Amino acid sequence: MLSSKDRLDRAYKNAIRIPFDDTSKFIFFSDCHRSDGSYADDFANNRNIFFHALSQYLKNGFHYIELGDGDELWENLFFKDVFESNKNVYLLLQKFYLENRLNMIWGNHDMIFRNPNVVKRNFSEYFDMNLGQKVPLMPGLVYHESIILEHKDTKQELFLIHGHQADFMNYVGWKINQFMVRVLWKPLQIWGIKDPTSPAKNYVELIKVERRIKKWILENNNKITITGHTHRPRFSKPNDSQANYFNDGSCVHPRSITGIEIENGEIALIKWFIDTRDDGTLQIVKEYLERPKALKDYV
(Lines give C-alpha, C1' and ligand atoms only; values in the text may rest on other atoms or scores of the structure.)
Protein backbone atom coordinates (compact mmCIF):
# COMPACT_ATOMS: atom_id res chain seq x y z
CA MET A 1 0.00 0.00 0.00
CA LEU A 2 1.35 3.41 -0.97
CA SER A 3 2.54 5.80 1.73
CA SER A 4 1.81 9.54 1.80
CA LYS A 5 5.23 10.11 0.24
CA ASP A 6 4.48 7.62 -2.54
CA ARG A 7 1.11 9.23 -3.28
CA LEU A 8 2.65 12.71 -3.42
CA ASP A 9 5.54 11.43 -5.57
CA ARG A 10 3.09 9.85 -8.00
CA ALA A 11 0.94 12.99 -8.16
CA TYR A 12 4.01 15.10 -8.88
CA LYS A 13 5.22 12.72 -11.59
CA ASN A 14 1.81 12.63 -13.30
CA ALA A 15 0.99 16.33 -12.99
CA ILE A 16 0.16 18.34 -16.09
CA ARG A 17 2.47 21.31 -16.66
CA ILE A 18 1.27 24.83 -17.36
CA PRO A 19 3.83 27.49 -18.36
CA PHE A 20 3.63 30.94 -16.77
CA ASP A 21 5.66 34.14 -16.48
CA ASP A 22 5.64 37.36 -14.49
CA THR A 23 2.67 38.69 -16.48
CA SER A 24 0.50 35.67 -15.58
CA LYS A 25 -2.33 36.06 -13.08
CA PHE A 26 -3.79 33.14 -11.11
CA ILE A 27 -6.35 32.81 -8.35
CA PHE A 28 -6.56 29.60 -6.32
CA PHE A 29 -9.61 28.66 -4.29
CA SER A 30 -10.50 25.27 -2.87
CA ASP A 31 -12.89 23.55 -0.51
CA CYS A 32 -15.95 25.41 -1.70
CA HIS A 33 -18.08 22.35 -0.94
CA ARG A 34 -20.85 23.63 -3.21
CA SER A 35 -23.95 21.81 -2.06
CA ASP A 36 -27.73 21.59 -2.44
CA GLY A 37 -28.86 24.67 -0.51
CA SER A 38 -30.09 22.64 2.47
CA TYR A 39 -29.39 23.45 6.12
CA ALA A 40 -26.26 21.29 5.84
CA ASP A 41 -24.88 23.43 2.97
CA ASP A 42 -21.76 25.20 4.30
CA PHE A 43 -21.20 27.05 1.01
CA ALA A 44 -24.61 28.73 0.91
CA ASN A 45 -23.69 31.52 3.32
CA ASN A 46 -20.67 32.52 1.23
CA ARG A 47 -22.08 31.94 -2.25
CA ASN A 48 -22.52 35.65 -2.99
CA ILE A 49 -19.02 36.45 -1.72
CA PHE A 50 -17.53 33.73 -3.92
CA PHE A 51 -19.53 34.80 -6.96
CA HIS A 52 -18.52 38.44 -6.59
CA ALA A 53 -14.85 37.60 -6.03
CA LEU A 54 -14.70 35.24 -9.02
CA SER A 55 -16.49 37.82 -11.19
CA GLN A 56 -13.77 40.34 -10.35
CA TYR A 57 -11.05 37.86 -11.23
CA LEU A 58 -12.77 37.10 -14.53
CA LYS A 59 -12.97 40.80 -15.37
CA ASN A 60 -9.34 41.37 -14.42
CA GLY A 61 -7.90 38.58 -16.56
CA PHE A 62 -7.05 35.98 -13.91
CA HIS A 63 -6.76 32.25 -14.56
CA TYR A 64 -8.83 30.25 -12.06
CA ILE A 65 -7.50 26.99 -10.65
CA GLU A 66 -9.71 25.14 -8.16
CA LEU A 67 -7.66 22.98 -5.82
CA GLY A 68 -10.21 20.29 -5.03
CA ASP A 69 -13.44 19.79 -3.07
CA GLY A 70 -15.19 22.34 -5.22
CA ASP A 71 -18.35 20.25 -5.07
CA GLU A 72 -19.79 18.47 -2.04
CA LEU A 73 -20.38 15.01 -3.43
CA TRP A 74 -20.17 13.13 -0.16
CA GLU A 75 -23.32 14.65 1.28
CA ASN A 76 -25.09 14.78 -2.09
CA LEU A 77 -25.85 11.71 -4.16
CA PHE A 78 -26.70 13.64 -7.35
CA PHE A 79 -24.58 16.39 -8.91
CA LYS A 80 -27.68 17.88 -10.54
CA ASP A 81 -28.94 18.97 -7.09
CA VAL A 82 -25.68 20.84 -6.52
CA PHE A 83 -25.79 22.34 -10.01
CA GLU A 84 -29.34 23.65 -9.66
CA SER A 85 -28.53 25.30 -6.32
CA ASN A 86 -25.39 26.98 -7.71
CA LYS A 87 -26.27 27.46 -11.38
CA ASN A 88 -24.98 31.05 -11.49
CA VAL A 89 -21.60 29.88 -10.21
CA TYR A 90 -21.27 27.16 -12.86
CA LEU A 91 -22.23 29.57 -15.61
CA LEU A 92 -19.50 31.89 -14.31
CA LEU A 93 -17.02 29.02 -14.36
CA GLN A 94 -18.16 28.39 -17.94
CA LYS A 95 -16.91 31.85 -18.89
CA PHE A 96 -13.43 31.01 -17.57
CA TYR A 97 -13.60 27.69 -19.42
CA LEU A 98 -14.53 29.26 -22.75
CA GLU A 99 -11.56 31.62 -22.46
CA ASN A 100 -9.20 28.73 -21.58
CA ARG A 101 -8.67 30.17 -18.10
CA LEU A 102 -9.94 27.27 -15.98
CA ASN A 103 -8.30 24.22 -14.47
CA MET A 104 -9.88 21.86 -11.97
CA ILE A 105 -8.27 19.53 -9.43
CA TRP A 106 -10.24 16.83 -7.65
CA GLY A 107 -10.19 16.39 -3.91
CA ASN A 108 -11.58 13.77 -1.57
CA HIS A 109 -15.14 15.16 -1.57
CA ASP A 110 -15.30 15.22 -5.39
CA MET A 111 -13.03 12.24 -6.00
CA ILE A 112 -15.56 10.75 -8.41
CA PHE A 113 -14.25 13.27 -10.94
CA ARG A 114 -11.16 11.08 -11.29
CA ASN A 115 -13.38 9.26 -13.77
CA PRO A 116 -13.51 11.20 -17.09
CA ASN A 117 -16.87 9.64 -17.89
CA VAL A 118 -18.39 11.10 -14.71
CA VAL A 119 -17.00 14.54 -15.58
CA LYS A 120 -18.37 14.27 -19.11
CA ARG A 121 -21.80 13.18 -17.89
CA ASN A 122 -22.11 16.08 -15.45
CA PHE A 123 -20.41 18.96 -17.24
CA SER A 124 -20.95 18.45 -20.98
CA GLU A 125 -24.42 20.01 -21.02
CA TYR A 126 -27.32 21.20 -18.92
CA PHE A 127 -31.01 21.82 -19.43
CA ASP A 128 -31.80 25.49 -20.12
CA MET A 129 -35.28 26.21 -18.76
CA ASN A 130 -35.71 29.29 -20.93
CA LEU A 131 -34.84 27.52 -24.17
CA GLY A 132 -36.48 24.27 -23.15
CA GLN A 133 -33.53 22.20 -24.34
CA LYS A 134 -30.07 21.00 -23.40
CA VAL A 135 -27.18 23.36 -24.18
CA PRO A 136 -23.39 22.97 -23.79
CA LEU A 137 -21.87 23.73 -20.39
CA MET A 138 -18.17 22.80 -20.34
CA PRO A 139 -17.75 19.94 -22.83
CA GLY A 140 -14.22 18.63 -22.72
CA LEU A 141 -13.60 19.73 -19.14
CA VAL A 142 -10.86 17.63 -17.51
CA TYR A 143 -10.15 17.20 -13.80
CA HIS A 144 -6.59 16.52 -12.67
CA GLU A 145 -5.03 15.20 -9.48
CA SER A 146 -2.23 17.74 -9.67
CA ILE A 147 -0.79 20.59 -11.70
CA ILE A 148 2.69 22.08 -11.97
CA LEU A 149 3.06 25.73 -12.91
CA GLU A 150 6.48 26.12 -14.53
CA HIS A 151 8.02 29.56 -15.01
CA LYS A 152 9.05 30.05 -18.63
CA ASP A 153 12.32 31.81 -17.79
CA THR A 154 13.47 30.62 -14.36
CA LYS A 155 11.95 27.11 -14.62
CA GLN A 156 10.71 27.53 -11.04
CA GLU A 157 7.93 25.05 -10.27
CA LEU A 158 4.77 25.50 -8.21
CA PHE A 159 3.18 22.18 -7.30
CA LEU A 160 -0.62 22.36 -6.95
CA ILE A 161 -2.57 19.57 -5.29
CA HIS A 162 -5.58 19.15 -3.01
CA GLY A 163 -3.55 17.69 -0.15
CA HIS A 164 -5.56 14.63 0.88
CA GLN A 165 -2.77 12.51 -0.56
CA ALA A 166 -1.20 12.94 2.90
CA ASP A 167 -4.40 11.79 4.62
CA PHE A 168 -4.91 8.01 4.47
CA MET A 169 -8.62 7.85 5.35
CA ASN A 170 -9.50 10.68 2.98
CA TYR A 171 -7.57 9.20 0.07
CA VAL A 172 -7.52 5.42 0.40
CA GLY A 173 -10.55 5.16 2.67
CA TRP A 174 -12.60 7.96 1.14
CA LYS A 175 -15.60 5.73 0.37
CA ILE A 176 -15.91 4.83 4.04
CA ASN A 177 -15.80 8.50 5.03
CA GLN A 178 -18.25 9.34 2.25
CA PHE A 179 -20.72 6.80 3.62
CA MET A 180 -20.36 8.14 7.17
CA VAL A 181 -20.86 11.74 6.06
CA ARG A 182 -23.85 10.97 3.83
CA VAL A 183 -25.67 8.67 6.24
CA LEU A 184 -24.67 10.00 9.65
CA TRP A 185 -23.03 13.40 9.74
CA LYS A 186 -25.17 15.29 7.22
CA PRO A 187 -28.37 14.74 9.25
CA LEU A 188 -26.52 15.61 12.48
CA GLN A 189 -25.01 18.72 10.89
CA ILE A 190 -28.49 20.16 10.57
CA TRP A 191 -28.53 20.12 14.39
CA GLY A 192 -25.15 21.80 14.59
CA ILE A 193 -22.98 18.71 15.18
CA LYS A 194 -19.81 18.85 13.08
CA ASP A 195 -18.17 15.94 11.27
CA PRO A 196 -15.11 14.89 13.33
CA THR A 197 -13.62 12.84 10.46
CA SER A 198 -12.69 16.03 8.59
CA PRO A 199 -9.18 17.42 9.19
CA ALA A 200 -10.78 20.86 9.08
CA LYS A 201 -12.63 19.95 12.30
CA ASN A 202 -9.95 17.69 13.80
CA TYR A 203 -6.90 19.72 14.81
CA VAL A 204 -4.74 16.69 15.61
CA GLU A 205 -5.34 15.21 12.15
CA LEU A 206 -4.78 18.61 10.53
CA ILE A 207 -1.32 18.92 12.05
CA LYS A 208 -0.42 15.39 10.91
CA VAL A 209 -1.44 16.14 7.33
CA GLU A 210 0.52 19.38 7.26
CA ARG A 211 3.58 17.69 8.76
CA ARG A 212 3.57 14.96 6.09
CA ILE A 213 3.27 17.50 3.26
CA LYS A 214 6.03 19.70 4.69
CA LYS A 215 8.31 16.66 5.03
CA TRP A 216 7.73 15.83 1.36
CA ILE A 217 8.44 19.45 0.36
CA LEU A 218 11.76 19.52 2.22
CA GLU A 219 12.76 16.21 0.61
CA ASN A 220 12.01 17.67 -2.85
CA ASN A 221 14.20 20.77 -3.02
CA ASN A 222 11.77 22.83 -0.93
CA LYS A 223 9.48 23.12 -3.95
CA ILE A 224 6.65 25.63 -3.51
CA THR A 225 3.57 23.50 -2.87
CA ILE A 226 0.05 24.92 -2.70
CA THR A 227 -2.78 22.83 -1.27
CA GLY A 228 -6.24 22.96 0.22
CA HIS A 229 -7.97 20.18 2.21
CA THR A 230 -7.31 21.30 5.81
CA HIS A 231 -9.23 24.60 5.41
CA ARG A 232 -6.40 26.33 7.32
CA PRO A 233 -4.75 29.20 5.37
CA ARG A 234 -0.96 28.90 5.42
CA PHE A 235 1.68 31.16 3.88
CA SER A 236 5.41 30.58 3.84
CA LYS A 237 7.80 33.54 4.05
CA PRO A 238 10.86 33.64 1.77
CA ASN A 239 14.12 32.36 3.21
CA ASP A 240 12.73 31.43 6.64
CA SER A 241 14.29 27.94 6.57
CA GLN A 242 10.85 26.31 6.76
CA ALA A 243 9.08 24.29 4.07
CA ASN A 244 7.59 26.37 1.26
CA TYR A 245 4.09 25.20 2.12
CA PHE A 246 1.02 27.23 1.17
CA ASN A 247 -2.66 26.53 1.79
CA ASP A 248 -5.43 28.64 0.29
CA GLY A 249 -7.82 27.89 3.18
CA SER A 250 -11.42 27.40 2.08
CA CYS A 251 -14.60 29.05 0.89
CA VAL A 252 -16.60 27.90 3.92
CA HIS A 253 -15.08 30.02 6.67
CA PRO A 254 -17.72 31.83 8.73
CA ARG A 255 -18.65 34.90 6.67
CA SER A 256 -15.53 34.86 4.45
CA ILE A 257 -13.53 32.99 1.83
CA THR A 258 -9.76 32.80 1.48
CA GLY A 259 -7.52 32.14 -1.49
CA ILE A 260 -4.07 32.61 -2.97
CA GLU A 261 -3.25 35.04 -5.76
CA ILE A 262 -0.28 35.12 -8.11
CA GLU A 263 0.24 38.38 -9.98
CA ASN A 264 3.29 40.32 -11.23
CA GLY A 265 5.56 37.47 -10.21
CA GLU A 266 4.33 37.66 -6.61
CA ILE A 267 2.25 35.42 -4.36
CA ALA A 268 -0.25 36.61 -1.74
CA LEU A 269 -2.86 35.21 0.65
CA ILE A 270 -6.20 37.03 0.45
CA LYS A 271 -9.60 37.09 2.09
CA TRP A 272 -12.95 38.25 0.69
CA PHE A 273 -15.68 39.14 3.17
CA ILE A 274 -18.76 41.29 3.74
CA ASP A 275 -18.04 44.66 5.35
CA THR A 276 -20.26 47.53 6.44
CA ARG A 277 -19.98 51.06 5.04
CA ASP A 278 -20.43 54.08 7.29
CA ASP A 279 -23.99 54.51 6.01
CA GLY A 280 -24.89 50.96 7.05
CA THR A 281 -24.96 49.40 3.58
CA LEU A 282 -23.02 46.22 2.94
CA GLN A 283 -20.18 45.64 0.51
CA ILE A 284 -17.91 42.74 -0.42
CA VAL A 285 -14.25 43.65 -0.02
CA LYS A 286 -10.84 42.00 -0.31
CA GLU A 287 -7.97 42.29 2.12
CA TYR A 288 -4.51 40.78 2.30
CA LEU A 289 -3.88 38.23 5.02
CA GLU A 290 -0.31 38.04 3.74
CA ARG A 291 0.93 40.77 1.40
CA PRO A 292 2.56 39.86 -1.95
CA LYS A 293 6.01 38.28 -1.86
CA ALA A 294 8.23 37.76 -4.92
CA LEU A 295 8.25 34.16 -6.13
CA LYS A 296 11.91 34.48 -7.14
CA ASP A 297 12.82 34.93 -3.47
CA TYR A 298 11.70 31.36 -2.67
CA VAL A 299 14.68 29.13 -3.26
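Modeller: Let's start at one residue pair: Thr276 has Leu282, in E14, as its bridge partner. This is a predicted model, where local features need pLDDT of at least 70 and side-chain atom pairs count only at pLDDT 80 or more, while totals for chains, interfaces and linings use all residues. Residues are numbered from 1 along each chain as its sequence is written, and side-chain values use heavy atoms, leaving out hydrogens and water.

Colleague: How many bridges join E13 to E14?

Modeller: Strands (E, at least two residues) and helices (H or I, at least four) are DSSP runs, numbered from the N terminus; two strands pair if DSSP finds at least two bridges between them. Here, E13 and E14 run antiparallel and are joined by ten bridges.

Colleague: Which order do the strands of the open sheet take?

Modeller: The seven strands follow E7-E4-E3-E2-E12-E13-E14, with mixed pairing. Strands E7 (143-144) and E14 (282-294) are the edges, each pairing on one side only.

Colleague: Is Ile27 buried or exposed?

Modeller: Buried means under 20% relative accessible area, exposed over 50%, and partly exposed in between (1.4 Å probe, protein chains only). Ile27, in strand E2, counts as buried because its relative accessibility is 0%.
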